[in-house]
Amino acid sequence: MTGARMEESDGDVQEERFRAERTGKLGYQPLYKRVKALLVARIADGRWQAGQSIPNEFQIAEELNVSQGTVRKALHEMTLDNLLVRRQGRGTFVTSYDDERILFQFFKLTPDEGSREFPDSTVLSLESGTANVAEADALAIPAGNPVWRLVRRRTLGDKPLIIERIVLPAELFPELDRFETIPNNVYGLYSSRYGVTVARAVERLKAVGADAHDARHLDCPFGMPLLEVDRRAVGLDDRIVEWRISRCLTEAHHYLSDLK
């Protein structure tokens with residue numbers, strides 16, 4: 001390998017500069033961070049698909065003209081971010097949105113007794129509309145932009161547990177209503193059909209009283225205390241791709257956050 005650095009390649013500099021300008025983060029970054037940004041972009045633009053095996057460290061280092069140590073550090077961070085998964089003896093793969101991943105990374109409601117389970121879902125409504133002020137603020141889009149509004153009930157063992165309202169920017173999810181059914185695992189749908197990868201989520205929790213809609217679909221008294229989880233799901237490009245309000249019964253469940 002020559003002593004040339006990645007930043008000396010015009011193509012790489014242009015790609016890095018474009019990404020930095022797009023995210024508003026133009027400025028110095030360690031080399032491994034820039035390598036990571038380029039590799040994350042390959043997932044974001046679909047060059048690396050969910051479940052796909054990626055080239056090994058040596059191949060990536062040779063392609064980008066950097067050391068294997070630099071690539072190793074970038075891949076390690078992507079693994080910690082749950083974007084990649086290493087499989088002993090098989091290689092490194094782009095993480096897929098299977099139920100197990102969703103359960104342990106994004107679903108935090110846990111039974112007071114017994115093991116955690118992935119809930120079933122029933123779609124109550126899916127409608128198009130234009131973003132109101134609250135939706136526009138949550139999704140960081142202009143008010144009046146087209147959105148999808150999805151309402152569904154989630155159950156465990158046929159018992160209602162969660163009433164969920166999801167708002168999505170329509171430009172990211174065109175013709176969402178063409179699907180015969182919306183799958184239980186919507187993050188898998190976002191990734192496989194639209195190339196939208198949810199990298200992380202920001203949640204806010206508060207106690208609320210059940211309104212008439214909640215009471216009807218959760219089969220609980222009006223005004224019953226519920227746990228409200230307000231989630232903004234963020235894509236690989238740091239764009240908010242989903243606003244979700246979940247109202248949860250907690251008589252036999254609690255919210256589990258594993259702080260590390």
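K33 comes out as partly exposed, with a relative accessibility of 28% (partly exposed lies between buried, under 20% relative accessible area, and exposed, over 50%, using a 1.4 Å probe and protein chains only). Its salt-bridge partner is E77, and the closest N and O atoms of the two sit 3.2 Å apart (a salt bridge being a side-chain nitrogen of Lys or Arg within 4 Å of a carboxyl oxygen of Asp or Glu). This pair ties together distant parts of the chain, with E77 in helix α4 (residues 68-80) and K33 in helix α2 (residues 31-44), 44 residues apart. Helices (H or I, at least four residues) and strands (E, at least two) are DSSP runs, numbered from the N terminus. E77 itself counts as buried, at 17% relative accessibility.

The model is a predicted one, in which local features need pLDDT of at least 70 and side-chain atom pairs count only at pLDDT 80 or more, while totals for chains, interfaces and linings use all residues. Residues are numbered from 1 along each chain as its sequence is written, and side-chain values use heavy atoms, with hydrogens and water left out.

Helix α2 deserves a look of its own. Its 14 residues reach 20 Å from first C-alpha to last, close to the expected 20 Å at 1.5 Å a residue (the expected span is 1.5 Å times one less than the number of residues). Of those 14 residues, 12 are buried, so α2 is largely enclosed by the rest of the structure. Among the buried ones are L31, Y32, R34, V35 and K36. Just after the helix, G46 takes a positive phi of about 90 degrees.

Back to the charged pairs: the count comes to 20 salt bridges. One of them joins R231 and E203, at 2.7 Å from N to O. This one also spans distant parts of the chain, R231 lying in strand β8 (residues 225-235) and E203 in strand β7 (residues 198-209), 28 residues apart. R231 is buried, with a relative accessible area of 8%, whereas E203 is partly exposed at 24%.

R247 and D214 form another salt bridge, their closest N and O atoms being 2.7 Å apart. Here strand β9 (residues 240-248) supplies R247 and helix α8 (residues 212-218) supplies D214, a separation of 33 residues that again links distant parts of the chain. R247 is buried at 15% relative accessibility, and D214 is buried with a relative accessible area of 0%. Elsewhere, salt bridges link R152, R154, E164, E242 and R244 into a network.
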